[in-house]
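Please look over the chain below before reading on. The paragraphs that follow move from the overall architecture to the ligand shell, the cores and a few individual residues.

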Amino acid sequence: MAASESSHIHAHDVWRRYGRGKSAFMAVRGVSFTVRPGSLFALLGTNGAGKTSTVEMLEGLAAPHRGRIRLFGDLDPVADRARIRPRTGVMLQEGGFTAHLTARESIGMWAGLTSRPRPVAQALELAGLSHRADVLVKNLSGGEKRRLDLAIATLGSPEVLFLDEPTAGMDAEGRHATWRLVKELREQGSTILLTTHYLEEAESLADELAIMHRGRIAASGTVSEIVSGHPATLSFRLSGQWSAQDLPVGGTVEEQGGRITVTTGQLQKDAARILAWAEDHGVELDRFTARPASLEEAFISIARVTDDHDDHADAIDAGDGNDDAAADDAAEPQEKA
Ligand SMILES: Nc1ncnc2c1ncn2[C@@H]1O[C@H](COP(=O)(O)OP(=O)(O)OP(=O)(O)O)[C@@H](O)[C@H]1O
């Protein structure tokens, strides 16, 4: 079975360009991924990586410059927007509200346009807005507007939910309320794609994630798949006359204030070696810890490593953007199997 048939969201070699000729800029460069039904997929990335540009194409707000997107197996987000719309919920980065309605009235208005909406009072409560229900939208804070946007996006328990930085500007309580709601929707079977700057958010919510950098997906998979390619850390204090040089490991060994840190691509092997050495020599390893790379460490290293490669690729892509004839040809979306 092709990936698109068993997935709710499928992107294959998707490109997006802004502008034309000399000012052309390729914001999304050959992005491919698949989101399985009932799973949560997080798009992480550096500023300007192309997350919003990608999500807008999935939502049908813009057509890819090249490549292919399919929702629910075989629906095209642009051509089939009318069929897709009732099955999806969308939370944009800038919610479009009517300023002179209250929060309750705004949700009520959207409920009229949504199939099988949850009760307005419940939507207000789930978004933590019950106490602000009768406040005009224009008087809500930034974080409260995000909560209102979330309440509206999740009003109909959609099959597919797009959340573009859902917790940006929210306080800790708002973030946790949002995570609870997102988890609940996924448990009810919604397929969710979210973009975020918060690694903790992706780590706690996502089944799979992709890290974007300068328009490309630089790494993807589960959190453990992504961090497994990055060095892990062993840390402890040595007793007696022993020092870092005595340890039976290669790689990077640092000593600071009596605390040893070993950075290694072979966590299990080096941990076993050090423990065996300590046993043989009667050395006490005080506060011994072993931990894989964090998502944050992997993220920073991915952004750093891909910069060099991208500087070269940027030069090639700039050539494409400067060629008006080539750009016009490529503006026709190409269907790819
Ligand atoms: N309308 C536009 N015209 C020209 N360039 C644009 C336009 N919109 C976005 N861009 C550029 O495309 C790139 C990707 O932007 P996008 O908003 O998709 O990134 P992002 O990953 O969502 O960023 P952030 O995390 O900072 O919100 C950026 O360099 C941005 O400046």
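What percentage of the 337 residues in the chain do buried residues make up? Buried residues make up 38% of the 337 residues, where a residue is buried if 20 or more other C-beta atoms lie within 10 Å of its own, exposed if 12 or fewer, and partly exposed in between, with C-beta atoms placed from the backbone. The model is a predicted one, in which local features need pLDDT of at least 70 and side-chain atom pairs count only at pLDDT 80 or more, while totals for chains, interfaces and linings use all residues. Residues are numbered from 1 along each chain as its sequence is written.

The chain holds 11 helices and 13 strands, these being DSSP runs (H or I of at least four residues for helices, E of at least two for strands) numbered from the N terminus. Its domain assignment, which comes from an automatic or database source, gives domain 1 (3-227) and domain 2 (231-291), and the centres of the two, taken over C-alpha atoms, are separated by 44 Å. Among contacts in the chain with a separation of 6 or more, 71% are accounted for by residues 24 or more positions apart; two residues are in contact if their C-beta atoms, placed from the backbone, lie within 7 Å.

We turn next to the ligand. The residues around the ligand are Tyr18, Gly19, Phe25, Ala27, Gly45, Asn47, Gly48, Ala49, Gly50, Lys51, Thr52 and Ser53, each counted as near because its C-beta atom, placed from the backbone, lies within 6 Å of the molecule. By class, this shell has four nonpolar, seven polar and one charged residues, where Ala, Val, Leu, Ile, Met, Phe, Trp, Tyr, Cys and Pro count as nonpolar, Asp, Glu, Lys and Arg as charged, and the others, Gly among them, as polar. Strand 2 (25-35) and helix 1 (51-58) each supply at least two residues of the shell, and helix 1 gives the most, with three residues. Helix 1 is also largely enclosed by the rest of the structure, because eight of its eight residues are buried; among them are Lys51, Thr52 and Ser53. Just after helix 1, Gly60 takes a positive phi of about 80°.

The nonpolar interior comes next. A nonpolar core is a set of buried Ala, Val, Leu, Ile, Met, Phe, Trp, Tyr and Cys residues joined through C-beta atoms within 7 Å, and the largest such core has 69 residues, of which Ala42, Leu44, Ala127, Ala151, Leu193, Leu209 and Ile211 touch the most other members. Leaving aside its neighbours within four places in sequence, Leu193 is in contact with Ile9, Val35, Phe41, Leu43, Val55, Leu58 and Phe162.

Leu40, in strand 3 (residues 40-45), counts as buried because it has 23 C-beta neighbours inside 10 Å. Beyond four places in sequence, Leu40 is in contact with Arg186, Ile192, Leu194, Leu205, Ala206 and Asp207. Ser220, in strand 9 (residues 216-221), is partly exposed, with 19 other C-beta atoms within 10 Å, and, not counting residues up to four places away in sequence, touches Phe33, Glu208, Leu209 and Ala210.

Some backbone angles deserve attention, since most residues other than glycine have a negative phi. Phe72 has a positive phi of about 50° although it is not a glycine, and lies in the loop between strand 4 (66-71) and helix 2 (81-84). Glu165, likewise not a glycine, has a positive phi of about 45° and is found in the loop between strand 6 (160-164) and helix 6 (172-187).

The last stop is helix 9 (residues 267-281), whose 15 residues should span 21 Å at 1.5 Å a residue, and whose end C-alpha atoms are 21 Å apart, which agrees; the expected span is 1.5 Å times one less than the number of residues. Asp280 has its place in helix 9 and counts as exposed, because it has 9 C-beta neighbours inside 10 Å. Asp280 and Asp270 are 10 residues apart in sequence and 15 Å apart in space, C-alpha to C-alpha. Helix 9 is followed by Gly282, whose phi is positive, near 65°.
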